[in-house]
Each structure stands twice: as structure tokens, then as C-alpha cells.
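Student: I would like to go through the terms used for this structure and set each value against its cut-off.

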Amino acid sequence: MSLVPRIIPSLLLDGKKLVKTIRFRSPIYIGDPINAVKIFNDKEVDEIAIFDIYAWKKGIQFDYLKEIYEEAFMPALYGGGVKTINDLEKVFMLGVEKVSLSSEAII
């Protein structure tokens, strides 16, 4: 049996910015998330993971996430700020296939 490699880029959001961090501190702006998703579409990655690193305190940006996921032509995972079943349902309604939960989630 041979393993098939899968490419799954992870994007970190800080508001509407794509950022790079070290241990989720001192985010550095590296670009536009929607543009990054378009690039990964062209590269035909297997899946994409998007984590909003400050959604736990600022709330989930459902409208902006909808814009991002409308551009994604691959399976998608979302993580960040999901605390209730209602949040979970709203994220799934955006077309996300998987949700990453942390200890903050009350489900």
C-alpha cells in the first residue's frame, strides 16, 4: 500500500488580512486571503485550511468568510471562534466541509 501525498495549505487570518505569525503573536501582513485562495486553486491543492486567529475575541466574520470560500474550488476547513452549535451551523452553510474546534467550543 502506498500513501498518496496531499497538499493542504493553512492560511491564518487577522481580520481581513492574511498573516504569518510565530506562536500566533505579532502577526505580519503577507497578503490578501482571497488572492491566496485563487492562487491555490490554480495550483490545484487538495484542500485548504483557514484559521481566523482572533475570532475567539472578535467574533466570526461570516460575510467575509463567505467571500473567501466562494473562491475556493477545493474542500475547505475552518477554525476560529466557533463556540456554539449555531456558529457551527453557520460555518457549514458557507460550504465548509470541516471545522476545527478548540477547548473554547461548547458543544
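Student: In what order do the six strands lie in the open sheet, and what kind of pairing is it?

Tutor: The model is predicted, so local features need pLDDT of at least 70 and side-chain atom pairs count only at pLDDT 80 or more, while totals for chains, interfaces and linings use all residues. Residues are numbered from 1 along each chain as its sequence is written, and side-chain values use heavy atoms, with hydrogens and water left out. The order of the open sheet is 3-2-1-4-5-6, with mixed pairing. Strands (E, at least two residues) and helices (H or I, at least four) are DSSP runs, numbered from the N terminus.

Student: What makes strand 3 and strand 6 the edge strands?

Tutor: Strand 3 and strand 6 (98-100) each pair on one side only. Averaged over the sheet and with direction ignored, neighbouring strands are turned by 35 degrees against each other.

Student: Why do strand 1 and strand 2 count as paired?

Tutor: Pairing requires that DSSP finds at least two bridges between the strands. Aspartate 14 stands opposite lysine 17 of strand 2. The two strands form a hairpin with two residues between them, and glycine 15 in that turn has a positive phi of about 70 degrees.

Student: How do you know that strand 2 and strand 3 pair as well?

Tutor: Four bridges link strand 2 to strand 3 (residues 25-31) in the antiparallel sense, and the requirement is at least two. Valine 19 has tyrosine 29 of strand 3 as its bridge partner, and leucine 18 has glycine 31. This too is a hairpin with two residues between the strands; arginine 23 in the turn has a positive phi of about 60 degrees.

Student: Why is aspartate 14 called buried?

Tutor: Buried means under 20% relative accessible area, exposed over 50%, and partly exposed in between (1.4 Å probe, protein chains only). Aspartate 14, in strand 1, has a relative accessibility of 10% and therefore counts as buried. Contact means heavy atoms within 4.5 Å. With neighbours within four places in sequence left aside, aspartate 14 is in contact with Val19, Pro27, Tyr54 and Lys58.

Student: Why is glutamine 61 classed as it is?

Tutor: Its relative accessibility is 19%, so glutamine 61 counts as buried. Glutamine 61 lies in the loop between helix 2 (55-58) and helix 3. Neighbours within four places in sequence aside, glutamine 61 is in contact with Gly15, Lys16 and Asp52.

Student: Is phenylalanine 24 buried or exposed, and why?

Tutor: Phenylalanine 24 has 51% relative accessibility and therefore counts as exposed. Phenylalanine 24 lies in the loop between strand 2 and strand 3. Leaving aside neighbours within four places in sequence, phenylalanine 24 is in contact with Leu12, Ile53 and Tyr54. Its C-alpha atom and that of tyrosine 54, 30 residues apart along the chain, are separated by 9.1 Å.

Student: What is phi of serine 26, and why is serine 26 called exposed?

Tutor: Serine 26 has phi near 50 degrees, a positive value in a residue other than glycine. Serine 26 is placed in strand 3, and its 60% relative accessibility makes it count as exposed.

Student: Which loop holds glutamate 44, and why is glutamate 44 called exposed?

Tutor: Glutamate 44 lies in the loop between helix 1 and strand 4. Its relative accessible area is 67%, so glutamate 44 is exposed. Although not a glycine, glutamate 44 has a positive phi of about 55 degrees.

Student: Why are helix 1 and helix 3 called roughly parallel?

Tutor: Angles run from 0 to 180 degrees between N-to-C directions, and axes are lines fitted to C-alpha atoms, for helices over the stretch in contact. Angles under 35 degrees count as roughly parallel, over 145 as roughly antiparallel, 65 to 115 as roughly perpendicular and the rest as oblique. Helix 1 (residues 33-43) and helix 3 (residues 62-71) pack at about 20 degrees, with axes 8 Å apart. The two helices are therefore roughly parallel to each other.

Student: Which residues make that contact?

Tutor: Helix 1 contributes Pro33, Ile34, Val37, Lys38 and Asn41, and helix 3 contributes Tyr64, Glu67, Ile68 and Glu71.
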